[in-house]
Amino acid sequence: MRKPERIHLLNSEDKVAFVTGAYGGIGRSVVKMLLESGTKVVATGRSDFRFKDSDVLHLNLDVTKEKEVKSAIEKCISHFGRLDFLIHLAGMVGSGRLDAMSLEEWEKVVSTNLTSAFLILKHGYKKIKKPGGVVILCGSSNGYNGGSHLSGAAYASSKTALVNLVRYCAKEWAPDGIRVNIVSPGPVDTPMLDRLSKNEMDDLRSSLPLGRIASPEECAGSILFLCSNHAESMTGTNLNISSGLVLDA
Ligand SMILES: NC(=O)c1ccc[n+]([C@@H]2O[C@H](COP(=O)([O-])OP(=O)(O)OC[C@H]3O[C@@H](n4cnc5c(N)ncnc54)[C@H](OP(=O)(O)O)[C@@H]3O)[C@@H](O)[C@H]2O)c1
């Protein structure tokens, strides 16, 4: 019997994605899945890791630097000729109680998570395909439920702000035919969790109604879904991937 062809969530052979945080845990899965779907990828970050695929353009990028963001998006256009999916995953956690947090730490976390999104959106808007472009930001369950000292106040606050930034852009850019959405994972099995002790991990897992830490592949699947035609009517959406941790989003 003839084997059925593998059906991809996203079929996008002529399309181009620009991914920040591409060498992080979720980023690597997103890039891999995009490549499997036929999408060409601009993979940006600060690591020496390289995807061995001729459909990837690697660029060093610090997402808090406006000149670097502008230049990287311009290189995407000069190299691949278009930009369809803008996927902003770069982010960092803080830690500790608010009264112990320095202004420097507050500003670093807010700049990495929130100001970077402003820069990516601002410069991405000018180049993304209209109509048809899709933007995905990355929130967190901390952005719904206040978070805790494990990630700190700046992390929780910046992730909440991203949700409203997405709503703002979803409205402003709908007439251009650009969709803007955000995924908000609970704990995901990536290097970001390496900072937690075994006890903290056990407590975290047992706080999840489904009792499971999500995989980076699941998050990547949700992101590809939001990029795909299956989500053509979805904009301004906050996709909750929290294993039941948050139920009143
Ligand atoms: N893992 C979780 O439990 C979890 C839960 C909810 C939401 N998230 C969100 O998911 C996204 C991806 O995180 P992850 O889980 O994949 O963690 P990760 O493996 O730590 O990836 C985060 C990536 O962001 C990059 N990054 C940080 N600051 C940057 C900057 N200024 N410029 C460029 N890149 C920068 C990091 O690069 P460097 O290695 O160079 O610092 C790293 O590659 C983040 O937005 C995170 O907040 C994660």
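**View 1. Ser158 in helix α5.** Ser158 is found in helix α5; helices here are DSSP runs of H or I with at least four residues, strands are E runs of at least two, and both are numbered from the N terminus. This is a predicted model, in which local features need pLDDT of at least 70 and side-chain atom pairs count only at pLDDT 80 or more, while totals for chains, interfaces and linings use all residues. Residues are numbered from 1 along each chain as its sequence is written, and side-chain values use heavy atoms, with hydrogens and water left out. Ser158 has a relative accessible area of 1%, so it is classed as buried (under 20% relative accessible area; exposed is over 50%, partly exposed in between; 1.4 Å probe, protein chains only). The side chain of Ser158 makes a polar contact of 3.2 Å with the side chain of Asn113. A polar contact is a pair of N or O atoms within 3.5 Å; within protein, one must be able to donate a hydrogen and the other to accept it, and residues adjacent in sequence count only if both atoms are side-chain atoms. A polar atom of the Ser158 side chain also lies 3.0 Å from the backbone oxygen of Tyr155.

**View 2. Polar atoms around the ligand.** An oxygen atom of the ligand lies 2.6 Å from a polar side-chain atom of Thr190. Backbone atoms take part as well: a backbone N or O atom of Val188 is 2.8 Å from a ligand oxygen, and a polar backbone atom of Gly91 is 3.3 Å from a ligand oxygen. On its own the ligand has 890 Å² of accessible area, of which the protein covers 86% (Shrake-Rupley method, 1.4 Å probe).

**View 3. The shell around the ligand.** The ligand is surrounded by 26 residues (a heavy atom within 4 Å). The closest are Gly25, Arg46, Tyr155, Val188 and Thr190. By class, the shell has 14 nonpolar, nine polar and three charged residues, with Gly counted as polar and Tyr as nonpolar.

**View 4. The cis peptide bond at Pro131.** The peptide bond from Lys130 to Pro131 is cis, with omega near -5°. Pro131 is found in the loop between α3 (103-127) and β5 (134-138).

**View 5. Ser243 after strand β7.** Ser243 is placed in the segment after β7 (238-241). Phi of Ser243 is near 55°, a positive value in a residue other than glycine. Most residues other than glycine have a negative phi. Ser243 is buried, with a relative accessible area of 11%.
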